[in-house]
Structure formats: structure tokens, C-alpha cells
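Work through these exercises with the model open. Try each task before you read its solution.

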Amino acid sequence: MLRTVSCSASLSSSSLFFRFFRQLPRSYLSLSSSPGRNLRRISSPSAAGRRLLLRRGLRIPSAAGRGVNGQFSRFSVRAVATQPAPSYPDVGQDEADKLGFEKVSEEFISECKSKATLFRHKKTGCEVMSVSNEDENKVFGIVLRTPPKDSTGIPHILEHSVLCGSRKYPLKEPFVELLKGSLHTFLNAFTYPDRTCYPVASTNTKDFYNLVDVYLDAVFFPKCVDDVHTFQQEGWHYELNDPSEDISYKGVVFNEMKGVYSQPDNILGRIAQQASDPKDIPKLTFEEFKDFHRKYYHPSNARIWFYGDDDPVHRLRVLSEYLDMFEASPSRDSSKIEFQKLFSEPVRIVEKYPAGRDGDLKKKNMLCVNWLLSEKPLDLQTQLALGFLDHLMLGTPASPLRKILLESGLGEALVSSGMSDELLQPQFSVGMKGVSEENVPKVEELIMNTLKKLAEEGFDNDAVEASMNTIEFSLRENNTGSFPRGLSLMLQSIAKWIYDMDPFEPLKYTEPLKALKARIAEEGSKAVFSPLIEQYILNNSHRVTIEMQPDPEKASQEEAEEKNILEKVKASMTEEDLAELARATEELRLKQETPDPPEALRCVPSLNLSDIPKEPTYVPTEVGDINGVKVLRHDLFTNDIVYAEVVFDMGSLKHELLPLVPLFCQSLLEMGTKDLTFVQLNQLIGRKTGGISVYPLTSSVRGKDEPCSKFVVRGKSMAGRAEDLFNLMNCLLQEVQFTDQQRFKQFVSQSIARMENRLRGSGHGVAAARMDAMLNVAGWMSEQMGGLSYLEFLHTLEKKVDEDWEGISSSLEEIRRSLLARNGCIVNMTADGKSLTNIEKSVEKFLDLLPENPSGGLVTWDGRLPLRNEAIVIPTQVNYVGKAGNIYSTGYELDGSAYVISKQISNTWLWDRVRVSGGAYGGFCDFDSHSGVFSFLSYRDPNLLKTLDIYDGTGDFLRGLDVDQETLTKAIIGTIGDVDSYQLPDAKGYSSLMRHLLGVTDEERQRKREEILTTSLKDFKDFAEAIDVVRDRGVAVAVASAEDIDAANNARSNFFEVKKAL
């Protein structure tokens, strides 16, 4: 498994999507780092909100720019060449009429090179946006307005439930069958505070329409409205295995939200919105659940989106078959979202959050100031300017509001900070966590004073220019990573469309951006941004200040309250009631664990093996050298953008310096040089490039004892700015000075805050890293730079910064000398052939400036954590449970069938037992073919030992497995879908680099593909013997509450060695 350390610093602009034209919804940011392939529906914590103090979704980290006053003199409005609109298939009005639609409007959107047509279904009023272009990654989505009436989580639970079987697909979970056997590039669903989205994507047309049909049937004709068991499974139910035992709550959403609100940052968001609390979920009845679907899941209340290179007439044909079955409904009117009036005076809220007992709790307060910006719709240019302003104030570490707060020493890190504009009314928030009790009022005062100062003084030229370049670069690049571009556009459009506004407007940024630039050039940036700060923030009475105080008793109090409620429920029941509840519990479990019959499974449409390419996708790669340094070139169309990676070997780095590497990375990006402050350097990067990031990565290499350990510098720019890109890379690497003690101390505090947040929200990742560190050297290296060991190192370092700054500064310099060298360096470049040729001189100059060899000799990496079962204690209401072992230690030799088997274990055995029956939000496995480590993990899990027992039963599950050829074919196709995941050009070039570093040849890829395609039932049976090593010799690590760990150690005497983390 290739690891990049999650806390390594990178310049945010390298991944920036400007907020106004965002390409990822904040409501499900975690999808990009989803805990497992089968964790399907990552929803906003505010999925079921009451009246909103502040309407908001989770936010994307913002990204670049900073300044203090000045005119926008260097910027002129660029001329934009007008290109003729390409010709795409048209839907004539006669064709639309025959299918029951009327054409409302049609436009060519030059920004995304697409023809967009808005249709209305005449019978129901359902609106359909049909976007045609040359993108093979086709996207479909249904979006419904789903305003909650209370705090019981109905929209969120229904979002889970409708995908659990439907009229045409009457099996338990068609969604899982699609996960198993589809080539989807996106398959999920998610809930916003006021709407629910069901999107799918695929590059294969046949597969795409299979997905579309399953989703249409699921949304409009789900089984869940007639099946109380689905409601109980996905929402909540009382569980009682035996009348003599205690009753407990179970339910996937119930446990998911318990996990979400184990994180203080999310509790802060919930309070700001007055959103749902998991304890209210058991108030929801099945009748209310059914009624909500009847009321809102209707074509009249739906907006439907199509995007890509498929036939636009066929889109309407598919839709008409469904929509014609319905009559018009008043749901569109009853679901309308009304504007919330602004408060006449500010509001202050003080709440407590659950905290551990360790550390100085008086320094763990949080303070956030929030504004609802307007009670009327804002025009496009105002929204654009507000987004730009947000970018200027908080984007990068050089942005003034962010910089001043962090340098104040009043808190450890920012929390809930930035502009959010994806709901009806935009909001702005800024706050800090890790604040001492006595500093809480000082933080609020500093926020207000800084905003006043910015309004009075404005931003400097370089900050505005850097922000504008970053924004324009991002818009031109349109790089959504593995996230489909069509879905990004859908979410932009729906942010207006869902409120009955123009769905075309958010897609057209060229003219508003040109107008904003012209206005800044003519009037100066102060005249543009200062009035916005004054009107929408400083003079806005709708201000909600939230103070959060740590409470070490709160978690146990909440557990006690829940236990007390359940004891009263049990006490109110007769013996007959208890017997019936135990019978119902067993009935639900039996239904959950009973496989669907073959005839039901066959109804889900799927591809055939003949639809699957027999060869993998090859990336054009030319291996050469410049001045003796190996250079990989990938000739791909990149829209005149150059992507570059420079890779250095970490083989000369001393062991004791390893944990300091992430902070070394951050220091490179956030400290200055002899001639440039870090603010100036940051702005220079923003003005000249699309961003630069630096990070370490480690991986085992199959067949070798030595790990692959590298230090990567990654950047991008327009082809004409490639020289600037490599000059700035050199500046960062060789000229940055490690002299700013106070900034470094901030980095340590920020890193501690990030790691503590990771423990609470991504405990499965911490558990996985811990197990890897016990089982292989690469895992140990990674854990030293991003796991629990790293957090322990940071706590020690925090004290050392004041005691021995000279020693730390010297160590940072030693890391630089150990890493930077031409010897062992590799350069990877992705661009079109002409650009690749043109930038060779810039690369040559960059390499000439590097030292020939690193300081010191090669180091032998052999560290590992001791093998033991470990429990990491944090204040939480849910657990993260892992177990892992090295299957290569049994003599198992890698075969491509292992990928099929691993995916099948996740999507059947673990899905059914850990998630569906066990109530966890997710259960999955991962096979690292480079190291041989096979890992089991669960996510937001109410269980602990029970989950470990399920893991241990995997070998027997495989031995007893009996799958027909159709099921096996689905598993193979689904695996190929993972292997052939859709990639944009930069990702293709980067993946090729990773394969080169790990010694994975095209011949090996072809051989593994053939082994995947010929996987047999015998392979499953044989794999059972290998996987038994996890049961017999594996290590278990759980991130869990003290109560659950104590119960586990009482049940199995001293099973876990306990470590306190928070």
C-alpha cells in the first residue's frame, strides 16, 4: 500500500477549487478519503436539522492569497477567444413532445464545452437538465428537496433505505450488487440539510444505463416503505438477544451519527445549525418515515441531471418510462425552502463537548463566530466577490485573517472557518480550537478587530493577484481528481436550481469573473472588498457566537442517560413483550444474514465478461535522463498545463529524524527565505503556478526487504510558466530558512489538533497504521510520520521547541541535506509532447542546482512496533476495530484472484455481518499486495469483540462458499472496475510514476489482469488457508471508549494492552 502522510503540509492552492465554483460538495468531503469501498453514503451531519440558526454544510478547506492594501494595478482583463460551439446531438421539440417533455431553454456553456438543455416533463413538472459533450465519464443524478420537520433524521435514514430493494429489483440491497459487479466511476448517495442526491457515473454506456435504471426504480418505487425491517436496520431498533440481557439501540444511521458527533468540530456545526442529535432518532416512527417518502419522493419534486457523451434522446426515453407513471403532485410547493429572516441582535451559545481526562482541559475550549449573510438572493457578481474575499482572508497560511489568528498564540488551530454558499443563504464562519479558558473572549475580539482592520486597509496587490491566478488556474484546469466532472457541475448547478433559480447560471463563470477583474482594475480591490466586509459581516446583526467547553464527564453522562432510557423501556415491558422483542431481534438478524435467492440476484442488470477490455490502460511513458537524472515523460493532452513531480530518496535519513519529516515539509512551504518572507513566497507561488506540495511516501516493495521511501515535490503550472515552477521548487527546497521558532511552534500545535481530530473521526486509519507498523517496516515508517507514535512525538516536541530550538532547527537542516541530491532523484512530467520538449532546459537548470549526493551514508530501515493486541482509548460513542496479518508469511504467492476475493469478502461477508447485522457504519478489508498484509477494519462500530469474531470467521466463510458463475462474473467485473478506475491526465502520469517506483511492469499488470478475469471458486477455497493467518497469528487494534475496552478485557482476560490517546 503506497502511503502518503496525511498530515504532511501542502500548499492548499495545489488542490484548490474556488469556493463559488466548487467541485466537491462540503456535505461529503470525506468521500475522498472514505473509510472503505463499501461505506457508501457519506452524509452531512446536519442531515436532519431544526430551524437553522445558520444554514450550512460541512466545508471544504479553503486555499490561497493574502495582502494588506493597494491597487489592483498589475492585473488587466485578459481577452477571451470566442470559439465556435461544437456540434452535439440535438433533441428536437417534436421528439421531446413524443416523449412527454417540453424544451424550456438551451445554451452552449463554453466553460465546460457543453450544450445544456433544460426540459420539463409536461405531466408531472419534473425538470431535467441534459448536458451533452465529449466526456466519456457519464453522470446521472436525481435530486429531491427534503426539508426535515424535526430532528429525527428522516431524510438521512430514507437516503440509506431506498437503495435496499425496489419494485423491479426486489432483493435486499441492489446497491451492493452494483458495488460488486459494475464499472461505475461513482456510486453513492448523500443528504444535505435541505435536499437528497442520488448520483451515479460510468464510462461504459451499457453499465451507465444499468445504474440509471436501478436508481430510478429505487427512488420512486422502493421496498422500504412497506418493509419495517429496512427501517429498523438503517434507522433504529431495540435489540435484545435474550430476555435476561439489557436492551440496546442498533441502526446504521444511529451509529453513524453517534460517530459524527463524537468529534467536537461536528458538534460545533450541529449547534450552529440546531441540527439533529442522535438521541432524537429513536423518536422516529415507521409511519412518519413512510409519509415522508410519499410526500417528497415524487417526480414533481425532483430535478434530474444527465451529462456526457451518450444519446440525449435516449435519456428522455428512459425517463419517460418512469415519469409517465405519475400524476402531478403539490410536493414541489410543499417542499419549498423559505428564506430565514436575519436576527435583529447577535446570539451567544455556550455548550459542552465530551473530552478525555488527560491534558490541560482548560486549554481545550473552542470559539466560533458565525454570520448568516443575507435574507435575499445575492446576485452572481456579489457571490463571486464574497467567495474571492473568503479566499483572500482565509485561503493559505499567508492569508491575513488566518495568519493573525494562528500567530496570536490564542489557540492551536482554526475551526469551522470560511464561506459556505451551497444552501439558500450563504454564511461565513471563523473560529479557533485549543483555546485557554481565559483567552476565549480574546479570540472573539481578535476576529472582530482583524475584520475591521481589513475593511479599513484592504489587501495588497500581490495577494489579490495570487488569488486571481489561483482561481483562474483552477477553473481552467477543472481538475476534479477521481470525482466525475459532470457530478461537480451538477452540484454547482443544483445549488441554484433546487431553489427554483436559474440552473445555467452557476456554470457560466467567464463573464462574471471578467467583470469582477475589470472592476478591481478600475476601482481598486479596497473599493470592491471593504464594503462587502462591512455590509455582510461587521454591520450584520445575524451573528451567532458559539463557545464550546470540554467536559470529561459528558460522554459517560450521555451513556448513562441512554442506558437509563433503555432500562425504563425494559421495565415497562411484560415477559411476553420481552420474549417478542427477542424473537423480533432474531427475525431481523436472520433476514439480514440470509442471502438473496439466485433468481432475485439475476434481476439486477450487469455486464458480461465480453464487455471487459482484455488489456489494462497503458500510459505513454518515455524513460530518459537529463544530466544523469532519470526522467519519465508522459505525452498526454493536459490543456496546456504541466504537471511535475521530483522524487528524492530517503535512504540516507537517520531514524530519529523520521518523525520530524512532516514538519520539515510544512516548514518548506510556510517559512521564508533570506530575501522573501513566507507571505511573499506564498503569494509568488500563487501568482506563478497552480500550486506546489511536498510530502513523504512509503511503501513495501514485493519481494524486497527494503521499503520504498521517498520525498516528493509536486507542482503544476501553465506550460509557459514551467520555468517559474521549477525555480520556485528550487527556492522552496534550497533557500527556505528554518529560523522562525514561533511559526514552528504553531506548526506543532496545528499538527496535534489535526491528529487528535483524526483519532476521533478516522480511528480506523489510526488502527490500520498501527497494525501495519507491527507487521512491516514501511508501515512503521508511515506510522512514525502520521500515526499514534507521531502524536506522541508531537507532544514531546511541543515542550522541546522552547528548550532546544537550535537543536530542532539544526535537525531540519540535516533532513534537507539527507534528502536533496541528484543521485537517486527521479523527475516525472506529464504534458503534451511540445511542452515536454520546451521545459527540458528548466528541468536541467533545476537539477544542476542540486547537490550531487546526500550527506551521510545509506541507512538500514528495520523498525517495527512490537506484535501485540492494542486498544487506544479516546472519548467516543462508537469504535473502530481492526485485525491484520501477513499472508505472505504462509507461503502464499500473489495471484490476481486475491483482488476479487478481497472485494467479495468486503461486499458480502463483512457487509452483511459487520454493517447490516452488526450495525456499524462500515466493515471492510484491504489487501496490500506489496507487503502481504491483509487487514480487516470497521468504522463507527457499536461492537468490539463481536466484530473480531466475525473477522476470525472469514476463512470458514470462504471454505463454505458456493457461488455460481453469474455471481463470480459480477465479482470479477467489479474488481476490474476498481483496477481501471477513471483517471484524468495528471493522475495517469502520477500512477505511472508510482508503478515505476514499486517495480510494477506492464507485463505484470497484464498477467494480474488475466488472473483476475479467470478467477474460479477454487481460488476462493485456496485463499481461505492463507487468510487464516490473520485469525491465528494476526494482531488486533481497536480505537474505542474506555468502557468498551474494559468490557472486552473482562470478557477475555487482558486481551488488549491499553494505551490512552486523548
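**Exercise 1.** Is N479 buried or exposed?

Solution. Keep in mind that this is a predicted model.
- Step 1: Find N479 in the loop between α14 (461–477) and α15.
- Step 2: Take its relative accessible area, which is 9%.
- Step 3: Apply the cut-off: buried means under 20%. N479 is therefore buried, because its relative accessible area is 9%.
- Step 4: Now look across to I271. The two residues are 208 positions apart along the chain, and the C-alpha atoms of N479 and I271 are separated by 34 Å.

**Exercise 2.** Which residues of α21 are buried?

Solution. 
- Step 1: Locate helix α21, which covers residues 661–670.
- Step 2: Count the covered positions. Ten of its ten residues are buried.
- Step 3: Name them. The buried residues of α21 are V661, P662, L663, F664, C665, Q666, S667, L668, L669 and E670.
- Step 4: Recall the helix rule. An α-helix has 3.6 residues a turn, so residues three or four places apart point the same way.

**Exercise 3.** Which residues gather in a patch of negative charge on the surface?

Solution. 
- Step 1: Pick out D242, E245, D246 and E567; these form the patch.
- Step 2: Trace D242 to the loop between β9 (237–239) and β10 (248–250).
- Step 3: D242 has a relative accessible area of 34% and is partly exposed. A patch residue needs over 30%, so D242 passes that cut-off.

**Exercise 4.** What does the UniProt annotation say about residues 548–797?

Solution. 
- Step 1: Read the record. An unreviewed UniProt entry annotates residues 548–797 as "domain: Peptidase M16C associated".
- Step 2: Read the secondary structure. Over residues 548–797 the chain is 52% helix and 18% strand.
- Step 3: Compare the ends. The end C-alpha atoms of 548–797 are 27 Å apart.

How values were computed. Residues are numbered from 1 along each chain as its sequence is written. This is a predicted model: local features need pLDDT of at least 70, side-chain atom pairs count only at pLDDT 80 or more; totals for chains, interfaces and linings use all residues. Side-chain values use heavy atoms; hydrogens and water are left out. UniProt positions are given in the numbering used here, feature names are shortened, and annotations may be inferred rather than shown by experiment. Helices (H or I, at least four residues) and strands (E, at least two) are DSSP runs, numbered from the N terminus. Patches are made of residues with over 30% relative accessible area and no salt bridge: like charges are joined within 9 Å, nonpolar side chains (Val, Leu, Ile, Met, Phe, Trp, Tyr) within 5 Å. Accessible areas come from the Shrake-Rupley method with a 1.4 Å probe; for residues, only the protein chains shown count as cover. A salt bridge is a side-chain nitrogen of Lys or Arg within 4 Å of a carboxyl oxygen of Asp or Glu. Lys and Arg count as positive and Asp and Glu as negative; His and the chain ends are not counted. The place of a charge is taken as NZ of Lys, CZ of Arg, CG of Asp or CD of Glu. Buried means under 20% relative accessible area, exposed over 50%, partly exposed in between (1.4 Å probe, protein chains only).
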